Amino acid sequence: MPSSTKSVDSKERKVEEYDAQIGGCVELAGSSQEGPSANLWTKIDVAVLPVVTVLFFLSSLDKGNISNAAVAGLLEELNMTPYQYSVALTVTLVPYTIIEFATNLLMKVVGPRLMLPTLAILWGFTCTMQGFVRSYSGLLACRFFLGMVEGGLLPGISLYLASFYPRRKLQLRTSIMFSAVSIASAFSGLLAAAIVKMDGIGNKPGWAWLFILEGLFTILYGGVAYYLLPNTPLSLPFLTNADKAHIARTLHEEGIMLVDEPGDAFKWAEISRTFRRPHVLLIGLAGFLNGASVSGLGYFLPIILTGLGYEGTQAQLMSVPPFAVAAVLAIIASFFSDRYGQRGFTMVVFGALATAGFAIFLASYVDRVRYGSLFLLVPGCFGIGPPLGTWVANNSAPFPRRATALAFVNSMTNVGAILVTWLFGTLSPAPRYTSATITLLVFQIVTVLCAVGNYVWLSAENKRKETLRNESGLAEAPEKGSEAVIAAGDDSIWYQFVL
């Protein structure tokens, strides 16, 4: 049989298998001449984004509320030193970092609808238990298990969203989800100011009620999420067959495999290859550097504010405005980043803001000026998160590489977080935190350099692939592009990197 005939037969078999997998919706949509809904992606947003954003919000709240508890009397109640506080944070972050690869692999097996809500219930229970500890060792045990069960959420949600949306629509959705960190950091101050007033109720201090109430709400929401979270976009009941066909074809054409496709099995060779990709390593380094800044602000900002002259509830409330500004700016920037496909430029702009903020905080001796610098460095640091995760997801295919790359970047972010737990207070004393500020200032400069370097490398790769495509003499990818791109992943000459 001629090779061209074999190729045609192979393509026909693949099309038949693909149509069978999505339940025949492609054929039904074609026979009815019905097109996809005009607001298709918005419909998916309504079903998916609120659920995952609230999950991530609760995760950020439950992981970072120890800083609010510290200001509310936790340190004095358990006779903790700044050194011991740093140990408690580190004990959380070590299992948080290690578990991410395993959970991303496990989510492929059990599915996100089971995996993500289960994690929420487990970490909610652990958070609640912190409200009953009576010793430092008991707190350490709770923080260890909190990190173990919560660590898989961020890489899991990032991978989940990357399996739902085309590459040029991903950062805005990721940014909305990431805004939960800024909102949680802001809201935690407001919530803490209210909850700590329960001091003495049930013979428990206010900081204990902070852990108990926030943890119980997470458990409740985790149970609800079992019924709200779809496994794939094709499982959404309100989508028409034409909608499902359009989603499936769009994701295939961009080299994105749906999370439940049977042919999308993990291959260890693909996983190991991920760690040799220059763009993954550069983004991983940027994740480490910026992760230190984000975690430092998340864990220590209320404490930093006490060094600027604010005390107790006032320190909690004064942490709100910078985080609120961060959430708004990140979403606005992501809208333009998706529209023009400029992840690197977004990172550079936010990195420059953070650099300026840290420089002002370091140079000034006026508390009001130093507080004003937070409106640069907090949005700058937190604004880097969405393009950071989106950029590596956009440029990693097939699915095993994307899952590994996202887990790697998130793990590197947590390694940076481990470092910063020792910078503030322990190695860099209050109120100026000179060594910590200098370190994070340098980190932001190098983060900008990583973004520039990654942009240059990806641009060169796109030009190289364009040359190879021109030399091939083909007007389009073999087999309409989808199968060829998926088979070769981001190595394919038909796979264009997002800049």
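This is a predicted model: local features need pLDDT of at least 70, side-chain atom pairs count only at pLDDT 80 or more; totals for chains, interfaces and linings use all residues.
Local features here need pLDDT of at least 70, side-chain atom pairs count only at pLDDT 80 or more, and totals for chains, interfaces and linings use all residues. Residues are numbered from 1 along each chain as its sequence is written, and side-chain values use heavy atoms, with hydrogens and water left out.

Start with helix α3, residues 40–77; helices are DSSP runs of H or I, at least four residues, numbered from the N terminus. Its 38 residues should span 56 Å, and the end C-alpha atoms are 53 Å apart, which agrees. The expected span is 1.5 Å times one less than the number of residues. α3 has a kink of about 80 degrees centred on Ala70, the bend being the angle between axes fitted to the seven residues ending there and the seven starting there. Of the 38 residues, 29 are buried, meaning under 20% relative accessible area with a 1.4 Å probe and protein chains only; exposed is over 50%, and partly exposed is in between. Just after α3, Asn79 has a positive phi of about 55 degrees.

Next, α15, residues 343–363. Its buried residues include Arg343, Met347, Phe350, Ala354 and Phe361. Phe345 and Ala363 are exposed, on the face turned away from the buried side.

Last, Phe335 in α14, residues 320–340. Phe335 is partly exposed, at 41% relative accessible area.

Terms used. Helices (H or I, at least four residues) and strands (E, at least two) are DSSP runs, numbered from the N terminus.
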